[in-house]
Structure formats: C-alpha cells, structure tokens
Amino acid sequence: MSKSQQQRTVHTNPFVFALELGFFAGLFWGGARWIMYTLHFTKVIPAFLAEPFFKHGFLLKPAGHLIGYLSFILLSVIATLIYVFVFRWLKGPWPGMIYGALWWAGIFLAGSWLFLLQRPFRLPWNSVISEFCVFLLWGLFIGYTVAMEYTDERKRERKSILT
C-alpha cells in the first residue's frame, strides 16, 4: 500500500448512518411492539404515536396499524439522529439503555399529560412493563450500535498496526 492510501481514512457519514440505523431500529422494534400487541402483552395500540392525528377507531384497523408502524419508524429515525449528533462519543450499552428509558418516560409520562394517550399507571402493569422493556431494548440497540461504530478501539488498533 502506498503512503497516500494509508493516510486516507474512510469515515462514516453520521447523517446517512443515523438514517439507516433509525430506519432499521424502527422496523425491528416497531415489529416487536406490533407482535407484543397481537399477543396481548400490551394494551397500547401500535399506532399510539399517531393518536393525536387520527381517530382512535381508525388506528385499531390494519391501515391504522400500518400508520403506527410507520410513525414508530419515524420516531426511531428522529431519535437516532439526536443520539448520533449529541451522544455518539459515549461508550458501552448503558447510555443507550438510559436513552431508551428517557424516551419511554418522555412519551408515556410527559406525553400522557400533554396529548398522547392514557396515563401509563392506569394501564395494566404488564403493558407498562412490556412497553418499558421494548423502549429499553430499542435504546440499547441504537446506543450500542452507535457506540460500536464511533468508539470501536479495534479499528484504531488495526490502523496503527498498518502504519
């Protein structure tokens, strides 16, 4: 390898990376939320994020479920963009888990007082716990993927060995 090839490093475009990661986080964990609803682990409808914009009866239909799935993907893209541009320097799984828990609190606690849905502690406990766990794992997925991309020491060690 020539010296110019060794000096040229390929960096990940944070915006494109965040869009891709957010899409797949929403696709995977939105699907997990839909399965949880279908199997009656939670009473929170898949389209809970779209509730301020659509009638509740519509959101219970298959088209409403699709709207909910797409709105969760959109939420995931927005959350991932924020995480990548603000917290990408954090290492390990804990920041992502905390991030997911904060999103859960923001949506279910603060959102219930504003306009989103019924208060979480009026829901059955299995719904509250299931939703919290999904958001915890969703945040872990986003946070740990970003941490592996931007703070992976193995990439730096390999580059230093090559020089």
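**View 1. Leu102, an exposed residue of helix H5 in a predicted model.** At a relative accessibility of 57%, Leu102 counts as exposed, because exposed is defined as over 50% relative accessible area, buried as under 20% and partly exposed as in between, with a 1.4 Å probe and protein chains only. Leu102 lies in helix H5, where helices (H or I, at least four residues) and strands (E, at least two) are DSSP runs numbered from the N terminus. The model is predicted, with local features needing pLDDT of at least 70 and side-chain atom pairs counting only at pLDDT 80 or more, while totals for chains, interfaces and linings use all residues. Residues are numbered from 1 along each chain as its sequence is written, and side-chain values use heavy atoms, with hydrogens and water left out.

**View 2. Trp104, a buried residue of helix H5.** Trp104 also has its place in helix H5, which covers residues 94-114, but Trp104 is buried, with a relative accessible area of 9%.

View 3. Helix H2 takes in residues 14-38, 25 residues in all, and reaches 35 Å from its first C-alpha to its last. This span is close to the 36 Å expected at 1.5 Å a residue, the expected span being 1.5 Å times one less than the number of residues. At the N-terminal end, Asn13 caps H2 through a side-chain oxygen that lies 3.0 Å from the backbone nitrogen of Phe15. H2 is followed by His40, whose phi is positive, near 65°, although His40 is not a glycine. His40 is found in the loop between H2 and helix H3 (56-59), and it counts as exposed, at 64% relative accessibility.

**View 4. The buried residues of H2 and the helices they pack against.** The buried residues of H2 include Phe17, Leu21, Trp29, Arg33 and Met36. An α-helix has 3.6 residues a turn, so residues three or four places apart point the same way. The buried residues of H2 pack against helix H4 (62-87) and helix H6 (125-150), where contact means heavy atoms within 4.5 Å.

**View 5. The crossing of H2 and H4.** Two packed helices are described by the angle between their axes and the distance between the axes. The axes of H2 and H4 come within 7 Å and cross at roughly 140°, which makes H2 oblique to H4. Angles under 35 degrees count as roughly parallel, over 145 as roughly antiparallel, 65 to 115 as roughly perpendicular and the rest as oblique. H2 passes H4 in a right-handed crossing.

**View 6. His65 and its neighbours.** His65 has its place in helix H4 and is buried, with a relative accessible area of 14%. Leaving out residues up to four places away in sequence, His65 touches Trp34, Tyr37, Pro46, Leu59 and Leu60.

**View 7. The whole chain.** The secondary structure of the chain comes to seven helices and zero strands, and buried residues make up 40% of its 163 residues.

Notes. A polar contact is a pair of N or O atoms within 3.5 Å; within protein, one must be able to donate a hydrogen and the other to accept it, and residues adjacent in sequence count only if both atoms are side-chain atoms. Axes are lines fitted to C-alpha atoms, for helices over the stretch in contact, and angles run from 0 to 180 degrees between N-to-C directions. A crossing is left-handed if the near helix is turned anticlockwise from the far one by less than a right angle, and right-handed if clockwise.
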